[in-house]
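Please look at the sequence and the structure first, and then read on.

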Amino acid sequence: MAWKTLNTVTGPVAEGKKYFRREYYEEKLWTEIKKGNHILLLAPRRLGKSSIVKYMEKNPHKYYVCVYANIQSDKSINEFYKRMCSMITVGLSRTNKAKQLLKGCKKKWEITSVSFEGIELGSKNVDFRVMFFEMLEDVMQLEEKVVLFLDEFPDVVSKIAEHHSHKEAENLLDDIRRLRHEKKFKKTFILILLGSVGLNHIVKKITGRSDKVNDLHRLYLEPLNPTELQGFLDHLTDGASMNLSKEVIEHIESKIVHLIPFYLQILIEACDDILQKVNRTELSNADVDLAYSNLIKQQDNFKDWDERLNEYFPDKYKYLENILTKCAHQNEITIQQIYDLSVPLGMEDSYKADLDDILIADGYLSEGEDGFYFNSPLLRDWWKKRHPLINK
């Protein structure tokens with residue numbers, strides 16, 4: 001009999017039948033959207049925030065036009081606003097009531113083509129910031145409210161600061177703040193900002209303070225809870241050859257601890273590979289242990305957790321690496337040990353803020369009663385294997 005594979009997706013955003021719905025968070029987002037609140041959706045990487053908002057984009061509530069885009073590649077204010085103009089234009093094309101408005105926009109701005117990749121204009125050297133704010137004035141004529149989901153927004157702010165200037169990045173933050181506060185825009189459109197790097201830390205780094213984003217409504221996306229775990233594993237194995245007993249599910253939970261969908265999926269995929277090779281459908285605890293060990297030996301699944309720290313915080317990387325390495329080898333690290341690691345590197349003034357805003361906010365560590373520990377043994381053991389502890 002042919003082996004029936006799992007319903008997993010570990011690369012692109014989970015959509016359609018691949019998406020495991022988290023209705024609580026969908027409804028929380030809709031509640032705030034209907035209040036007119038602009039939202040910062042906070043979650044560590046690989047927790048599924050993009051999948052949630054992609055589902056909302058495809059299934060909007062009445063009188064709302066929703067458009068999602070990953071804007072990570074944008075490196076300038078003009079590129080950012082070109083993306084926003086394109087998203088609004090795509091959104092308008094989805095509703096019959098907006099067709100006349102869209103026709104007027106195309107004529108006014110000489111728009112020759114519209115796609116998710118962007119808009120093309122007949123004229124060159126367009127100031128897309130001006131175009132965007134004028135588009136919003138036009139959108140006010142609509143009954144619908146436009147909701148834009150901007151994925152990896154902190155990356156864009158960081159890249160504008162790096163490739164242009166801190167002042168230009170701060171100007172963008174001021175624009176976004178203006179959009180949130182002016183009543184005429186509040187009745188017209190809503191921003192949902194997502195990102196896998198802490199926005200607060202990026203803003204502090206650029207402006208020296210975080211008040212530019214403090215008024216955003218924050219919604220925290222948590223890992224799956226034990227009750228959701230059963231449903232999620234049922235979703236992954238629906239129609240598949242693999243069978244999971246209650247005992248095995250409890251063992252999987254003990255191996256992962258921090259129930260991030262990505263962690264669970266790569267472990268289940270590794271288990272499926274073991275079973276398929278021997279043509280056996282019943283998963284055992286020993287199979288789970290072997291799959292876990294195989295994952296730790298692989299480089300690709302977790303290397304971006306390491307690389308992104310160096311990419312976004314090069315001046316702090318050694319300090320952050322030392323914390324994670326000591327924590328991985330000891331299984332836990334105290335606040336005193338963290339402070340001691342900061343002093344030789346001259347990081348003592350910001351040592352706690354860096355711990356909170358980077359390693360905790362971005363999903364590496366959590367705080368316990370006696371110290372700090374890795375959210376998941378899986379990332380801890382991978383880190384430990386690749387970062388030896390230097391004995392002094």
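## Setting values against definitions

The charged end of Arg46 sits over the ring of Phe262, at 4.0 Å from the centre of that ring, in this predicted model.

Q: What makes the charged end of Arg46 count as sitting over the ring of Phe262?
A: One part of the rule asks that CZ of Arg be within 6 Å of the ring centre, and for Arg46 and Phe262 the distance is 4.0 Å. The rule also asks for a position within 35 degrees of the ring normal.

Q: Why is the pair of Phe302 and Trp382 called tilted?
A: A search of the whole structure finds 18 aromatic pairs. In the pair of Phe302 and Trp382 the ring centres are 5.9 Å apart, and the planes stand at 50 degrees. Centres must lie within 6.5 Å for a pair, while planes under 30 degrees apart would be stacked and planes over 60 degrees edge-to-face, so the pair at 50 degrees is tilted.

Q: Why can this pair be said to tie together parts that are 80 residues apart in sequence?
A: Phe302 belongs to the loop between helix 13 (285-297) and helix 14 (303-312), whereas Trp382 belongs to helix 18 (residues 377-386), and therefore the pair joins parts that are 80 residues apart in sequence. Both Phe302 and Trp382 are buried.

Q: Why is Phe313 called buried?
A: Buried means under 20% relative accessible area, and Phe313 has 2%, so Phe313 counts as buried. Phe313 lies in the loop between helix 14 and helix 15 (317-330).

Q: Why is Glu152 called buried, and why is Val257 called partly exposed?
A: Glu152 has 11% relative accessibility, so it counts as buried, because the cut-off is under 20%. Val257 has a relative accessible area of 47%, and because exposed begins over 50%, Val257 is partly exposed. Glu152 lies in the loop between strand 5 (145-151) and helix 6 (153-163), and Val257 in the loop between helix 11 (246-256) and helix 12. Glu152 has a phi near 65 degrees, a positive value in a residue other than glycine, and for Val257, too, phi is near 65 degrees.

Q: What makes a set of residues a nonpolar core, and which residues have the most contacts inside the largest one?
A: The residues must be buried, of nonpolar-core types such as Leu, Ile or Val, and joined through side-chain atoms within 4.5 Å. The largest nonpolar core has 82 residues, and Leu309, Leu359 and Leu365 are those with the most contacts inside it. Helix 12 (residues 261-278) supplies the largest share of this core, 10 residues. A second, separate core has 48 residues, including Met87 and Val157.

Notes: Residues are numbered from 1 along each chain as its sequence is written. This is a predicted model: local features need pLDDT of at least 70, side-chain atom pairs count only at pLDDT 80 or more; totals for chains, interfaces and linings use all residues. Side-chain values use heavy atoms; hydrogens and water are left out. Rings of Phe, Tyr and Trp (its six-membered ring) pair if their centres lie within 6.5 Å; planes under 30 degrees apart count as stacked, over 60 as edge-to-face and the rest as tilted. Helices (H or I, at least four residues) and strands (E, at least two) are DSSP runs, numbered from the N terminus. Buried means under 20% relative accessible area, exposed over 50%, partly exposed in between (1.4 Å probe, protein chains only).
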